[in-house]
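The tour moves from the whole chain to selected parts.

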Amino acid sequence: MKLGFLGAGAMGGTILSGAVKAGVIDAKDVYVYDFAEPIREKFRALGCNIAENNEDLGNKCDMVVLAVKPQYAKGALSELKNSLNGKAAISIMAGVTIERIRSMIEGDFRLLRVMPNTPALVNAGAFALCNDTDLAAEEKAFAEKMFNALGIVEWMSEHLIDTACGLSGSGPAFVALFIEALSDGGVLEGLPRATATRLAAQTVMGTAKMILETGMHPGALKDMVSSPGGTTITGCQTLEEMGFRAAAIDAVQAATRKSREL
């Protein structure tokens with residue numbers, strides 16, 4: 001199969017590099033087109049083929065990953081013309097619905113919509129895949145394998161993709177704020193900044209790993225750490241008094257609403 005990438009910036013480039021590194025596809029079977037010359041040269045050096053333009057990319061590929069920024073979608077996708085007719089496409093464009101994508105590209109093509117997130121940059125991504133797709137079974141299997149190489153995959157209906165955007169798409173920023181706040185607390189109590197940030201980041205990563213690998217409920221993990229009358233439960237009481245959980249819930253809701261507006 002010949003796989004194309006329409007846009008190979010931060011997220012598109014991460015998926016491409018990860019798929020090649022994991023052996024999901026060979027670089028010689030990949031075509032790239034990006035308006036930025038440095039990006040084209042980067043993937044030429046990796047062994048990928050560089051298409052002449054968007055339409056040329058579509059003509060040469062069996063499946064194309066649509067990885068342009070959402071604000072540029074209409075112009076870039078219209079330049080594909082009918083080159084995807086009878087072929088498959090995967091969209092990682094946030095907030096661009098299946099209906100809108102189909103209205104921007106000529107012809108009849110199969111489509112899968114995906115919501116990625118930035119931890120894919122370190123092979124720890126979370127990918128929400130829309131099960132309202134008409135990809136063939138082998139194409140779906142290929143897509144799942146490609147994204148699993150960079151993190152975890154969850155299938156869901158399209159009406160939930162905006163929620164995934166609000167949770168896992170925006171979530172890295174929320175977690176980064178929490179890590180920064182934990183670090184600030186450590187600094188306030190005398191730790192050097194670098195030490196406080198490393199301890200905070202490792203604590204968040206380790207806790208997440210425990211939950212993912214054991215299937216433990218987050219509440220059970222909290223109880224495991226909270227001794228009667230101890231330091232942890234005292235800190236938890238402070239977070240509850242300050243509305244920590246309510247704020248996190250509201251943040252996901254607000255980000256989800258914004259995704260729907262976009």
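How many helices and strands are there in the protein chain? The chain has twelve helices and eight strands, taken as DSSP runs numbered from the N terminus (helices H or I, at least four residues; strands E, at least two). This is a predicted model, in which local features need pLDDT of at least 70 and side-chain atom pairs count only at pLDDT 80 or more, while totals for chains, interfaces and linings use all residues. Residues are numbered from 1 along each chain as its sequence is written, and side-chain values use heavy atoms, with hydrogens and water left out.

Of the 262 residues, 41% are buried (under 20% relative accessible area; exposed is over 50%, partly exposed in between; 1.4 Å probe, protein chains only).

Next, select residues 161-169, helix α7, and residues 171-188, helix α8. Their axes come within 5 Å and cross at roughly 25° (lines fitted to C-alpha atoms over the stretch in contact, with angles from 0 to 180 degrees between N-to-C directions). The two helices are therefore roughly parallel, a term for angles under 35 degrees. Show Gly166, Leu167, Ser168 and Gly169 of α7, which meet Gly171, Pro172 and Phe174 of α8 (heavy atoms within 4.5 Å).

Now select Lys81, in the loop between α4 (73-78) and β5 (88-91). Lys81 is not a glycine, yet has a positive phi of about 55°; it is partly exposed, at 40% relative accessible area.

Finally, go to Asn123, in the loop between β6 (110-115) and β7 (125-130). Asn123 has a positive phi of about 60°.

Definitions and conventions. Angles under 35 degrees count as roughly parallel, over 145 as roughly antiparallel, 65 to 115 as roughly perpendicular and the rest as oblique.
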